[in-house]
Amino acid sequence: MKVRRVPVAAYGASAPDHALAAWAATEGGVEIGHVFLCSTYSAYTAQVDSLHVSPEHRSRGVATALMRACVRWARAQPYDTLTLRVQRYGSRHRQLSVAQLRAFYTKLSFAPLGEGSDKTLMYRYL
Ligand SMILES: CC(C)(COP(=O)(O)OP(=O)(O)OC[C@H]1O[C@@H](n2cnc3c(N)ncnc32)[C@H](O)[C@@H]1OP(=O)(O)O)[C@@H](O)C(=O)NCCC(=O)NCCS
């Protein structure tokens, strides 16, 4: 499995709004996962978006590798903070629960953002 940064334009209309960078995990030249980094209201904060791994390749560390590549790149940019929204979507095959997703992001140094009514937002400093 390889993870590399790819042009956002490669995803066409399926890229999230405000995407500024994308990473793809591939195996045998075939994409098995991706993640995007999007701009936000702040020049110093970027938001992780649309983390996804093909169902048949889950639970093998692909999402972890994608997130690490994304964080490594963001650290070399002017950003000082990353945010994300914990939100399950797509196929439920070997899908993580919201609690498991939170634990996954916590291991990657993300913490819940504030005490407001929206408890799905998390952040980490770079
Ligand atoms: C969420 C998702 C990206 C995780 O991808 P993945 O490649 O399977 O994740 P990883 O293999 O890197 O596992 C990450 C962590 O999740 C946990 N995990 C993975 N598979 C698990 C399973 N079957 N049961 C319980 N925990 C599991 C583990 O804590 C693991 O870390 P560890 O092995 O270091 O302890 C994938 O399930 C997916 O694409 N879901 C659909 C899209 C989605 O909902 N994205 C979330 C956006 S917030």
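The protein's secondary structure comes to 2 helices and 7 strands, where helices (H or I, at least four residues) and strands (E, at least two) are DSSP runs numbered from the N terminus. Along the sequence, these elements follow the pattern β-β-β-β-α-β-α-β-β. The radius of gyration is 14 Å, close to the 14 Å from the globule rule for 126 residues, so the protein is as compact as a globular protein of that length. That radius is taken over C-alpha atoms, and the globule rule is 2.2 Å times the number of residues to the power 0.38.

This is a predicted model: local features need pLDDT of at least 70, side-chain atom pairs count only at pLDDT 80 or more, and totals for chains, interfaces and linings use all residues. Residues are numbered from 1 along each chain as its sequence is written.

Of the 126 residues, 23% are buried (20 or more other C-beta atoms within 10 Å of a residue's own, with C-beta atoms placed from the backbone).

Now to the ligand. Around the ligand there are 22 residues, of which Arg 58, Ser 59, Val 62, Ala 63 and Thr 64 come nearest; a residue counts as near if its C-beta atom, placed from the backbone, lies within 6 Å. Strand E4 (45-53), helix H1 (62-75) and helix H2 (98-107) each give two or more residues to this shell, and H2 supplies the largest share, 4 residues.

Here is the shell by class:

| Class | Residues in the shell | Members of the class |
|---|---|---|
| Nonpolar | 10 residues | Ala, Val, Leu, Ile, Met, Phe, Trp, Tyr, Cys and Pro |
| Polar | 8 residues | the others, Gly among them |

Note on methods:
Buried ≥ 20, exposed ≤ 12 C-beta atoms within 10 Å, placed from the backbone.
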